[in-house]
Amino acid sequence: MKTSDPLNNILTRRIWPHRAALILVIGFFFYVLSYLVSDYIGSENFLSKFFKDFGIALIIAMIIAFTLERLIHETLLKEVHDALEMMRKGADVLEGATELGIEDIFARHDPSGRKRWERRVKKVIENQLAKGSGEILISCVAAPEFFRQDTEIGATLWQGFTSKETKCILRVLLLCPLSPWTERRIDCEPGHPTLSDIHAATQFLLLLKEKAGDKVRFNCYDFPPTAFLIITDECIFIESYPMLKVAEGEGPIGGKTPMVVVRKDTNTYKRWAGHFEYIWTQCSKDYETAHLKDS
């Protein structure tokens, strides 16, 4: 049996028209009564004129009320319908996100999304470092937000892994600077410092490894970059890497691409964590070994 939406019923229920109809009937009653009274005491009598004017006033008022109510009611119904439709679509999105274990979504290249993303990533990294064990896995092209000491996330990584208290491991996959896929990437994002970002990330990780020892490991991969990944024991951040040509000075090819945060207890987490391990073991080499002269 189909049931109606209680919220829709509450917002659109017409609770007063029957009362207005009663007042309209009363108006007709006084109007007719004025003629009956005038037959006995005369049409110019005050009481007769009062009943007539009062009846006409009630009739006109209720006609206007019904007209306005109808117009307002139809407008309200449309607004309520639109609002409920938006709520339904939002509920569908939330239901899908819940089923997949998605906890958050933002575009890190958008100013508003970037601040929220930085806060969330920094917090997750701090949680893993505070735990003192486990791993932080990062797969990227260069991730300049992570591998510079003058950024909040970079400073967090530096402070965390140079501390003797943590046994946490950092493993990083960087795009190989000599890979043909790096050349393709540079060609796709002209004016963007792709190669210099890779070299800057390398220098940061080399210095961090000097301080932290084997807690920091980084490989380079000669493989098309498919996604930017940040993985901890808590969750995974996933952002796709599209391949397309952008105009000069438009920044990285990813642009305002959605990044999602997914819980650990999901198939999505397991698959992308497995993806990282596959690239690490099958499609990458230790950076220092592969680029000893550069190092």
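Met259 sits in strand β7, which covers residues 259-263. This is a predicted model, and in it Met259 is buried, with a relative accessible area of 0%. Where does the fold bring Met259 in relation to His109? The two residues are 150 apart in sequence, yet their C-alpha atoms are 9.9 Å apart in space.

Let us turn to strand β3, residues 169-175. Is this strand enclosed or open? Seven of its seven residues are buried, so β3 is largely enclosed by the rest of the structure. In a regular strand, side chains alternate between the two faces of the sheet. In β3, Ile169, Arg171, Leu173 and Leu175 point one way, while Leu170, Val172 and Leu174 point the other way, and all of them are buried.

Strand β3 has a parallel partner in strand β2 (residues 135-139), and five bridges join the two. Within this pairing, Leu137 has Arg171 of β3 as its bridge partner. To get from β2 to β3, the chain passes through helix α5 (residues 152-162), and this β-α-β crossover is right-handed. Strand β3 also pairs with strand β4 (residues 216-221), again in the parallel sense, over six bridges.

How exposed or buried is Arg171? Its relative accessible area is 7%, and because buried means under 20%, Arg171 counts as buried. One of its salt-bridge partners is Glu135, with the closest N and O atoms 2.9 Å apart. This pair links distant parts of the chain, since Arg171 belongs to strand β3 and Glu135 to strand β2, 36 residues apart. Glu135 is partly exposed, at 25% relative accessibility.

Glu277 also forms a salt bridge with Arg171, and there the closest N and O atoms are 2.5 Å apart. Glu277 is partly exposed, with a relative accessible area of 30%. Elsewhere, salt bridges that share partners join Arg108, Arg114, Glu118, Glu145 and Glu239 into one network.

In total, the model has 16 salt bridges. Another of them is formed by Arg116 and Asp104, whose closest N and O atoms are 2.6 Å apart. These residues come from distant parts of the chain: Arg116 is in helix α4 (residues 111-131) and Asp104 in strand β1 (residues 102-106), twelve residues apart. Arg116 is partly exposed, at 32% relative accessibility, whereas Asp104 is buried, at 17%.

| Salt bridge | Closest N and O atoms |
|---|---|
| Arg116 and Asp104 | 2.6 Å |
| Arg171 and Glu135 | 2.9 Å |
| Glu277 and Arg171 | 2.5 Å |

**Two loop residues**

The loops hold some details as well. Ser179 lies in the loop between β3 and α6 (180-188). Ser179 is buried, with a relative accessible area of 1%. What does the side chain of Ser179 come close to in the backbone of Trp181? A polar atom of that side chain lies 3.0 Å from the backbone nitrogen of Trp181.

Ala143 is in the loop between β2 and α5. Most residues other than glycine have a negative phi. Ala143, although not a glycine, has a positive phi of about 45 degrees. Ala143 is also buried, with a relative accessible area of 7%.

Which residues make up the nonpolar surface patch of about 240 Å²? The patch is made by Ile56, Ile60 and Ile64. Of these, Ile60 is found in helix α3, which spans residues 46-100. Ile60 has 45% relative accessibility, so it counts as partly exposed.

Notes: Residues are numbered from 1 along each chain as its sequence is written. This is a predicted model: local features need pLDDT of at least 70, side-chain atom pairs count only at pLDDT 80 or more; totals for chains, interfaces and linings use all residues. Side-chain values use heavy atoms; hydrogens and water are left out. Buried means under 20% relative accessible area, exposed over 50%, partly exposed in between (1.4 Å probe, protein chains only). Helices (H or I, at least four residues) and strands (E, at least two) are DSSP runs, numbered from the N terminus. Two strands pair if DSSP finds at least two bridges between them. A crossover is right-handed if, with the strands pointing away from the viewer, the path from the first strand over the helix to the second runs clockwise. Patches are made of residues with over 30% relative accessible area and no salt bridge: like charges are joined within 9 Å, nonpolar side chains (Val, Leu, Ile, Met, Phe, Trp, Tyr) within 5 Å. Accessible areas come from the Shrake-Rupley method with a 1.4 Å probe; for residues, only the protein chains shown count as cover. A salt bridge is a side-chain nitrogen of Lys or Arg within 4 Å of a carboxyl oxygen of Asp or Glu. A polar contact is a pair of N or O atoms within 3.5 Å; within protein, one must be able to donate a hydrogen and the other to accept it, and residues adjacent in sequence count only if both atoms are side-chain atoms.
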